Amino acid sequence: MTEASGDERSPWSRLLGVVSAIGPPITVATGLLFYFGWARADAQASDMGLDESLFGYAAQDYILISINALYLPLVLLLIVGVLWLAVDRWLRRQIDEDRHRTLTARIAGSAALVAVVIAFISLLVAFLQPSRTAIFAPYVMAAGVLVAAWGIRLRRHARLGHAPSLTTEERAVEVTLVLSLVTLLLFWGTADYAQAVGRGIAEGFERNVQFLPRAEVYSEKPLGIGADAVEVSEVGTGEQPLYRYDGLRLLVLSGGRFFFLNDGWTTENGTVIVLPDDNSIRVEFGR
């Protein structure tokens with residue numbers, strides 16, 4: 001059965017092909033952005049002695065905090081994809097014009113075999129020595145899967161002298177299986193990378209806490225803040241008491257709460273002060 005007859009037989013097959021070609025990349029990109037944001041926030045909070053759920057981030061917050069860190073990897077991925085597409089088109093044109101078909105088939109087969117071996121070795125190292133596995137090992141495995149699938153299809157193309165005739169269902173199954181495996185590997189690599197980035201951000205707060213926005217908190221009632229370097233002074237009167245707290249640095253405002261660090265904050269013995277964003281306090285910010 002040819003692809004054309006398959007399309008004429010089942011209109012839903014064409015829809016399945018479109019979803020398989022367009023849907024997975026969009027789903028993968030959105031999932032990676034969300035998961036990377038969550039994993040980064042979780043690792044950062046853990047390194048600061050907190051639980052990520054305290055910040056009350058929404059789904060859009062996770063996506064937003066992941067964009068800056070993923071910008072460069074995504075640009076590099078797009079560049080590699082464009083180059084890969086150009087090479088693939090050039091090789092397929094050579095095959096269609098009956099140039100170097102045998103050599104191309106051998107190179108494609110060898111590339112697929114080498115990619116499988118590299119991916120398998122990376123998988124073994126990741127499971128046998130996880131503490132020594134580089135954070136980019138899952139990405140190496142994902143690249144191995146893609147190169148292997150590409151090499152097999154290119155070799156098939158070179159041996160036949162034309163593009164293999166596949167039905168929409170067959171193409172959809174092939175693409176779905178490869179993208180599913182690559183998606184799992186990307187999520188794995190993203191988790192490791194996100195944890196490293198999150199820990200780096202927490203350590204950056206320790207080194208650069210003095211550059212965070214300075215905050216002065218005013219309250220009519222004592223807040224009982226006992227963190228180091230936080231000073232309290234009475235600036236009101238006997239009839240209208242008012243307390244001012246100095247030595248605070250704004251970390252983030254999220255979930256209807258202020259998160260402050262104290263001057264000299266460290267990941268080992270620092271304290272994160274959490275105050276509600278309501279009328280019970282007044283906050284003034286400065287450089």
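The accessible surface of the chain amounts to about 17300 Å², of which 62% belongs to carbon and sulfur atoms; areas were computed by the Shrake-Rupley method with a 1.4 Å probe. The structure is a predicted model, in which local features need pLDDT of at least 70 and side-chain atom pairs count only at pLDDT 80 or more, while totals for chains, interfaces and linings use all residues. Residues are numbered from 1 along each chain as its sequence is written, and side-chain values use heavy atoms, with hydrogens and water left out.

The chain contains 6 helices and 6 strands, these being DSSP runs numbered from the N terminus (helices: H or I, at least four residues; strands: E, at least two). From the N terminus on, their order is α-α-α-α-α-α-β-β-β-β-β-β. Of the 287 residues, 34% count as buried, that is, under 20% relative accessible area with a 1.4 Å probe and protein chains only.

The largest nonpolar core has 15 residues, and V217, L248 and F260 have the most contacts inside it. Such a core is a set of buried Ala, Val, Leu, Ile, Met, Phe, Trp, Tyr and Cys residues joined through side-chain atoms within 4.5 Å. Two or more residues each come from β1, β3 (243-254), β4 (257-262), β5 (272-276) and β6; the largest share, 4 residues, is that of β3. Leaving aside neighbours within four places in sequence, V217 is in contact (heavy atoms within 4.5 Å) with residues including L223, Y245, L248, F260 and V283. A second, separate core of 13 residues includes M48, F55, L251 and V252.

Methods:
Buried < 20%, exposed > 50% of the residue type's maximum accessible area, 1.4 Å probe, protein only.
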